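Please look at the sequence and the model below before reading on.

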Amino acid sequence: QVQLVESGGGLVQTGDSLRLTCAASGRTGSRYAMGWFRQTIGKEREFVATISWSGALTYYGDSVKGRFTVSRVRDSNTVFLQMNSLKPENTAIYYCAVGGLSTLSDQYDYWGQGTQVTVSS
């Protein structure tokens, strides 16, 4: 079993920045990718970013390209999501996940409980 714990969410104003952290522990097994997704009430879970085990490969959702940056401590179980120039539409619960390097949520095997990000206008 793998446990994921997200932190760093909060209430900010438009244009502010936040950095989310996700730490994985437990039977993480072989090298895996770590991804970020977000969800708001009544909407499907949306892909935000993902990063390979080595950190060499990263992919982003179209709506966050150029503003969000995903990174990880090399060969470790900790991943970060730096979010800049935040907008009210970025308000959501942000989830960290472990699994394949994919934009699809069903390719991830383990999920954290999420951290709330709220951006006020």
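The model shown is a predicted one. Begin with the open sheet, which consists of four strands in the order β1-β3-β8-β7. The pairing between these strands is antiparallel. At the edges lie β1, residues 2-7, and β7, residues 68-72, and each of them pairs on one side only. From one strand to the next, the twist averages 15 degrees.

The pair at one end of that order can be followed in detail. Strand β8 covers residues 78-83, and five bridges join β7 to β8. The two strands run antiparallel. As an example of the pairing, Thr-69 has Gln-82 in β8 as its bridge partner.

Next comes the disulfide. The structure holds one, and it is formed by Cys-22 and Cys-96, with sulfur atoms 2.0 Å apart. Cys-22 belongs to strand β3 (residues 18-26) and Cys-96 to strand β9, so the bond ties together parts that are 74 residues apart in sequence. The torsion about the S-S bond is about -80 degrees, and therefore the disulfide is left-handed. Both cysteines, Cys-22 and Cys-96, are buried.

Leu-57, Tyr-59 and Leu-101 make a nonpolar patch of about 260 Å². Leu-101 is found in the loop between β9 (92-99) and β10 (108-111). Is Leu-101 buried, partly exposed or exposed? Its relative accessibility is 33%, so Leu-101 counts as partly exposed. The cut-offs behind this are under 20% for buried and over 50% for exposed, with partly exposed in between.

Notes:
Residues are numbered from 1 along each chain as its sequence is written. This is a predicted model: local features need pLDDT of at least 70, side-chain atom pairs count only at pLDDT 80 or more; totals for chains, interfaces and linings use all residues. Side-chain values use heavy atoms; hydrogens and water are left out. Two strands pair if DSSP finds at least two bridges between them. Axes are lines fitted to C-alpha atoms, for helices over the stretch in contact, and angles run from 0 to 180 degrees between N-to-C directions. Patches are made of residues with over 30% relative accessible area and no salt bridge: like charges are joined within 9 Å, nonpolar side chains (Val, Leu, Ile, Met, Phe, Trp, Tyr) within 5 Å. Accessible areas come from the Shrake-Rupley method with a 1.4 Å probe; for residues, only the protein chains shown count as cover. A salt bridge is a side-chain nitrogen of Lys or Arg within 4 Å of a carboxyl oxygen of Asp or Glu. Buried means under 20% relative accessible area, exposed over 50%, partly exposed in between (1.4 Å probe, protein chains only). A disulfide is a pair of cysteine sulfur atoms within 2.5 Å.
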